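Have the sequence and the 3D view open side by side as you read.

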Protein chains: 2
Amino acid sequence: MKTVGQSIKRVDAYEKVTGRAKYTDDLILNRCLFAKVLHAPIANGIVTSIDTSEAEALDGVVKVVTFHEVPTHTYPTPGHPWSVEQSHQDVADRHLLTGRIRYYGDDIATVVAEDEVTASRALKLIKAEYEEYPPVLHPRDAMKGSSPPVHAENPDNILAKSGYEIGHVEEALLASDIVLKESFCTPMVQHCHIEAPISYAYMEKDRIVVVSSTQIPHIVKRVIGQALGIPWGKVRVIKPYIGGGFGNKQDVLYEPLNAFLTTLVGGRPVKLDLSREETFANTRTRHSIEYDLTAGVSKEGKILAKDMKAYSNQGAYASHGHAIAANGATAWRHMYDVKNIRADAYTVYTNTPVGGAMRGYGIPQFCFVSECLMDDMAHKLSMDPLKFRELNLYDGYFEDPVLTPIAANTNGIRECMRRGADYIHWEEKRDLYKNQTGDKRRGVGMALFSYKTGVWPISLEISGARLILNQDGSVQLQTGAAEIGQGSDTVFTQMAADVLGLCPEDVHIQSFQDTDITPFDTGAYASRQTYISGTAVKECAELLREKILSYARTLISEEYKDRELKLSEKQIWCGKESVLSLEELALESYYSRSSSSAITSDISRQIKKNTIAFGACFAEIEVDLKLSKIRILDIINVHDSGKIINPQLASMQVHGGMSMGIGYGLSEQMLLDEQTGRVLNGTLLDYKLPTAMDAPDLHLDFVELEDPTGPFGNKALGEPPAIPPAPAIRNAFLNATGVAVNEIPLSPQRVFQELRKAGLV
Amino acid sequence: MKTVGQSIKRVDAYEKVTGRAKYTDDLILNRCLFAKVLHAPIANGIVTSIDTSEAEALDGVVKVVTFHEVPTHTYPTPGHPWSVEQSHQDVADRHLLTGRIRYYGDDIATVVAEDEVTASRALKLIKAEYEEYPPVLHPRDAMKGSSPPVHAENPDNILAKSGYEIGHVEEALLASDIVLKESFCTPMVQHCHIEAPISYAYMEKDRIVVVSSTQIPHIVKRVIGQALGIPWGKVRVIKPYIGGGFGNKQDVLYEPLNAFLTTLVGGRPVKLDLSREETFANTRTRHSIEYDLTAGVSKEGKILAKDMKAYSNQGAYASHGHAIAANGATAWRHMYDVKNIRADAYTVYTNTPVGGAMRGYGIPQFCFVSECLMDDMAHKLSMDPLKFRELNLYDGYFEDPVLTPIAANTNGIRECMRRGADYIHWEEKRDLYKNQTGDKRRGVGMALFSYKTGVWPISLEISGARLILNQDGSVQLQTGAAEIGQGSDTVFTQMAADVLGLCPEDVHIQSFQDTDITPFDTGAYASRQTYISGTAVKECAELLREKILSYARTLISEEYKDRELKLSEKQIWCGKESVLSLEELALESYYSRSSSSAITSDISRQIKKNTIAFGACFAEIEVDLKLSKIRILDIINVHDSGKIINPQLASMQVHGGMSMGIGYGLSEQMLLDEQTGRVLNGTLLDYKLPTAMDAPDLHLDFVELEDPTGPFGNKALGEPPAIPPAPAIRNAFLNATGVAVNEIPLSPQRVFQELRKAGLV
């Protein structure tokens with residue numbers, strides 16, 4: 001009857017396929033007002049005057065609000081746990097609306113109207129005048145200072161910097177046989193979740209309720225409190241089903257503004273949904289990061305030292321800020337056994353759209369550059385890149401030298417590599433593709449990665465769950481962790497069912513989170529649900545089981561009372577004998593005249609553990625030199641994510657992530673106008689997200705080493721699949737053409753430029 | 001800072017006054033289907049044929065269902081706790097639809113359509129033919145047997161009978177100086193809550209969700225499971241704000257049918273709301289009960305023996321059944337100290353609308369006849385009725401001789417009587433109105449009553465509550481008990497606030513109940529909320545306080561750790577020193593890196609206690625003989641309900657109840673056609689509910705003896721106010737005219753008949 005490890009059907013499959021599943025927009029009641037935001041048409045400057053009188057006079061306009069009328073509290077937006085220590089708190093640099101414009105499209109005013117068309121028309125009637133400054137769009141430019149700085153508090157535009165040195169990097173570089181220095185650049189990309197950010201807010205008594213498509217309901221609650229300067233208990237956030245997030249909804253977006261607007265219209269419901277264009281320009285992006293890397297190797301192929309300088313383009317507001325660049329600097333210490341390591345990371349304010357969380361949280365950028373470097377070093381050594389990696393990988397357990405207890409409690413990276421190589425026929429192909437000529441050339445490439453599962457000890461990990469035993473022996477399960485399409489409801493159902501000896505159909509999970517009711521959990525981010533929230537679910541189920549068995553002792557006959565009891569198949573067992581059915585027990589617990597008490601368990605746990613997941617990607621590509629086009633012939637991700645709870649759901653995660661990684665490697669990039677800072681391709685027509693037509697067949701495999709710290713032997717899988725495809729493709733391109741490209745995406749334009757530079761076209 | 005005992009504003013006042021509060025109909029989303037029920041136009045018979053083809057062919061009709069297609073499970077409807085013992089289970093005599101018609105309007109088919117008009121039109125296209133039997137409308141007729149019986153299982157139509165004898169009634173009657181025998185009849189009346197019963201149902205995964213205007217969400221869940229023959233865990237019931245219930249919604253009405261209908265249309269939402277006419281004819285009524293009473297008194301005025309025969313008209317289905325008549329038989333043992341008591345109660349099926357729960361649950365009927373009897377005995381003894389009662393009342397504590405632990409733990413009845421008499425100037429007025437002539441005559445009358453607070457040990461008492469400490473030191477409170485307008489949300493808020501040292505604004509009560517989430521409680525009925533659910537709220541708050549203080553010990557400095565800590569004014573106190581603020585503690589509990597765990601308490605408690613409340617009504621009336629009209633000149637209810645939690649809310653309860661009691665005494669009665677059994681006045685135009693124009697100024701007083709079993713010294717108040725006005729008015733009429741009327745309402749028609757019989761007009 002155990003289902004952990006089995007591909008049970010998603011618990012929300014039928015709901016989603018039939019269209020019954022309720023998303024935010026499905027829940028909005030009649031007579032809702034509509035809000036629209038006025039975005040500034042400059043990237044840097046101030047509003048010198050704003051006249052809303054014509055907009056206010058328009059029939060159907062209920063309220064016009066400008067930056068003059070919003071609360072003066074600054075607030076942070078990232079989906080991080082709050083901290084009671086100021087040094088751990090996020091940077092609070094936002095207002096609900098602003099007169100100091102920091103990027104093209106910054107929010108200066110809002111209209112609330114009876115209908116959407118009126119709101120849009122009213123926006124056009126607001127007359128604003130601006131004083132404009134030249135925008136600064138690149139981090140290394142911005143670090144030189146700009147006048148004025150993006151935020152007055154940071155005169156050098158550096159939001160944060162951090163660094164470390166382990167061993168003696170300079171000395172080791174001097175002692176190296178070969179020293180390689182390279183520069184890389186990763187693009188600004190967008191999450192492109194199906195459902196654009198949407199929320200609606202209304203008042204209930206003296207409190208504000210916000211229904212939002214978010215990954216982090218409990219954090220949205222807190223930030224609304226901070227933004228409006230009201231006690232956090234006066235805010236209630238409800239999260240229905242959501243159409244994807246990928247980290248963009250791990251940020252507090254327009255919910256605080258929406259919350260504020262309802263307070264201005266007597267608590268009437270106000271809906272604020274974003275267009276796709278706004279989603280591109282006004283929500284969050286994956287940080288574009290520039291890197292300078294240096295590595296020293298011995299001629300035998302042992303890496304003696306490595307140094308990284310990262311310059312992360314934060315854009316106009318702090319959001320997740322330095323955590324992204326810092327995450328790469330941390331991963332720089334993992335996977336490869338290098339004694340002398342240095343990293344310096346800078347996160348820099350510029351006048352561009354804001355960088356935030358996105359699947360992989362800095363590691364797709366870092367992994368791209370780090371794994372390019374690996375191939376480039378191997379290339380320079382004339383070594384096989386796989387062998388070069390083998391020579392430098394940690395064997396088995398290792399731990400982070402700085403952040404305890406982050407460790408590779410199990411380490412399947414070598415097995416992942418072996419399986420990937422076998423699948424792609426690595427040695428044969430490397431051999432085969434050695435001396436190609438002609439217009440079409442093929443190559444195989446690879447990339448490895450490591451990935452932390454949760455956020456401890458960098459941030460707090462806390463999670464909760466609640467179970468209620470029903471009269472029929474089934475249970476209701478509530479978790480604070482949010483189902484965002486990743487399938488957490490299904491794996492939690494499997495986990496609870498296994499502990500309680502139920503079939504999954506008997507676990508009724510509550511998919512919506514409601515901060516008034518739902519156990520506290522910081523939300524769906526990192527790759528923490530199955531690991532952290534899974535731990536809470538398991539403990540909660542264990543507590544319920546304990547309560548059930550202890551109640552059973554009051555009901556069964558004397559002879560069994562002091563013997564060990566077990567719960568499975570909806571029966572209480574003493575040895576091989578069923579002594580009571582769970583349904584009888586449950587009915588008794590509700591309705592016994594002698595001793596009734598509904599059996600529930602409700603837990604909240606801080607979870608101080610973390611573990612490292614691994615994986616490899618192997619890709620075979622064909623480059624059409626004349627068209628400058630890359631075609632993926634074959635690709636496989638092999639993951640060491642510990643025990644796989646639900647192989648089919650896990651495969652879907654991998655497919656989705658690989659597709660995202662392929663887009664990152666080949667086609668996706670938000671383009672900004674260099675003069676105005678405006679997003680040039682902020683629609684799904686112009687932004688080149690791979691479609692089903694563009695995706696090759698996606699292959700995958702799992703190396704299932706059971707992690708002792710995972711509640712069921714599991715570790716991170718949510719984000720990892722998106723990490724390695726881009727460098728694997730780039731390294732395959734190197735294999736095919738001999739050309740090392742240090743910037744993605746490898747779009748036809750860039751490939752053409754690089755091939756031309758190399759004299760191949 | 002304590003607010004128990006103070007008139008804080010209703011917590012939902014603003015919501016309700018502004019129209020923001022969400023009722024069932026406010027929550028229905030777009031694209032909801034509409035269901036309408038086809039009611040049979042005969043009171044007794046069978047459907048011989050039914051043709052739905054034309055209805056099905058109508059454009060917009062989605063589904064037509066007849067009694068042929070519904071599940072064959074019978075189910076009970078009353079809002080009683082279930083029992084694991086079959087002998088305590090309610091009578092299951094219903095199907096969702098029926099071909100055996102038992103009352104005029106019985107449900108034979110349903111139409112589900114895209115809109116309401118189409119559903120109504122389709123009903124008219126269903127062609128049904130009937131075989132009709134003569135209806136039997138009165139219990140004593142029905143007891144003689146009918147052919148066929150209303151239910152085949154009960155050939156004599158007697159649903160239940162019960163009786164007891166304490167002492168030796170016949171002997172004591174023989175030894176009495178005066179023996180009085182009287183017959184009485186009480187009318188069928190309806191609750192007339194503002195919001196007619198309404199529900200909508202849809203499917204979520206493989207489960208059915210029903211949103212309903214009900215007093216008993218957890219019981220509705222169970223009964224839907226029983227009616228559809230599905231596991232109870234497959235049903236979820238949500239209760240929003242409701243517009244009154246008064247016991248009618250302490251019955252499962254059309255929710256099971258609605259739940260069934262959504263399963264037939266692929267889980268699409270189906271709304272089923274009733275018209276006012278349907279509410280009268282097809283929901284529940286207050287039982288009409290006929291009584292034969294006999295009493296023997298000594299010439300000194302001591303009651304030596306009393307005997308009651310009660311014949312309760314159950315109507316067509318069991319619903320709350322015999323519990324109503326039995327409740328009066330129990331109360332017959334209370335309040336007056338009589339050594340020889342007998343009661344025999346019969347509950348009889350007839351072909352009339354169904355009797356169910358209604359505010360007072362059989363006691364308004366019983367109290368009317370019992371207090372008429374008291375006055376008539378006093379009259380016969382030529383004694384002052386107040387003195388006669390004084391002579392026979394228990395002094396202080398007494399307990400029920402049969403049902404332990406029902407007892408008058410405090411007894412303020414004599415003080416209630418004294419205050420009422422003082423208010424109305426009893427002695428002066430009795431003297432003044434002795435020898436009246438003329439067309440307008442005045443009188444004063446009184447009635448006393450006793451009332452059990454909860455249902456233990458007749459039924460199970462179980463209740464639960466859950467509290468969550470917010471980051472700002474405020475709390476969320478969830479209760480299983482349902483706010484139905486009576487103000488329970490407000491008094492629970494006060495209770496939790498007092499225990500936790502918070503102000504009520506810091507207690508955020510969740511008004512909606514959701515059986516998937518809400519702590520288990522059987523619902524809003526009896527007068528149990530403040531007493532039973534209040535006990536759960538208090539214990540839950542005490543547990544939360546304990547957890548808060550124990551967490552506080554981990555945070556405060558060593559010197560305080562072993563000393564007693566207290567929580568008040570959002571501070572943790574050690575003696576007179578504040579050692580920590582609750583907000584600091586709360587923030588720490590969520591976000592401490594060393595030890596965080598959100599603090600919650602979640603309890604479910606069986607509560608094995610009960611206590612008796614008391615009260616008196618004094619009325620002064622003027623009878624216009626020529627118009628046969630009674631005008632109330634003055635009226636007061638004085639209640640011993642223990643400690644009053646919120647005097648203003650309590651006063652509103654008393655006002656509402658008195659108005660209901662006045663309607664019962666003077667104007668309300670559902671009239672049935674004697675031939676067809678059809679309700680003749682089932683609209684608010686024809687049914688004479690007193691309006692604001694009809695109500696006199698209502699006066700009240702409280703005798704606040706603190707009950708040791710009440711969580712805050714409180715006992716029943718919800719239902720009691722409706723009990724005594726009718727007999728007080730009838731006794732005032734006796735005082736004014738010398739005419740003893742043994743049937744209510746004292747409508748002009750009846751008054752005229754009685755005055756004419758007495759030769760006064």
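What follows starts with a whole chain and then visits two single residues.

This is a predicted model, in which local features need pLDDT of at least 70 and side-chain atom pairs count only at pLDDT 80 or more, while totals for chains, interfaces and linings use all residues. Residues are numbered from 1 along each chain as its sequence is written, chains are lettered from A and ligands numbered from 1 in the order in which they are written, and side-chain values use heavy atoms, with hydrogens and water left out.

Let's begin with chain A, which has 20 helices and 29 strands. Both are DSSP runs numbered from the N terminus: helices (H or I) have at least four residues and strands (E) at least two. The radius of gyration of chain A is 27 Å, close to the 27 Å that the globule rule gives for 761 residues, so chain A is as compact as a globular protein of that length. Here the radius is taken over C-alpha atoms, and the rule is 2.2 Å times the number of residues to the power 0.38. Along the principal axes, the C-alpha atoms of chain A fill a box of roughly 90 × 70 × 45 Å.

How much of chain A is buried? Of its 761 residues, 67% count as buried. Buried means under 20% relative accessible area, exposed over 50%, and partly exposed in between (1.4 Å probe, protein chains only). Contact means heavy atoms within 4.5 Å. Among contacts in chain A between residues at least 6 apart in sequence, 80% join residues at least 24 apart.

Now move to chain B and find Asp400(B), in the loop between helix H11 (385–392) and helix H12 (413–424). Asp400(B) counts as buried because its relative accessible area is 2%. Its side chain makes a polar contact with the side chain of His334(B) at 2.5 Å, and also reaches the backbone nitrogen of Val402(B) at 2.7 Å. A polar contact is a pair of N or O atoms within 3.5 Å; within protein, one must be able to donate a hydrogen and the other to accept it, and residues adjacent in sequence count only if both atoms are side-chain atoms. Not counting residues up to four places away in sequence, Asp400(B) touches Thr330(B), Arg333(B), His334(B) and Ile406(B).

Our last stop is Gly99(B), in the loop between strand S3 (61–66) and strand S4 (100–101) of chain B. Gly99(B) counts as buried because its relative accessibility is 15%. Leaving out residues up to four places away in sequence, Gly99(B) touches Gly45(B), Ile46(B), Val47(B) and Phe67(B).
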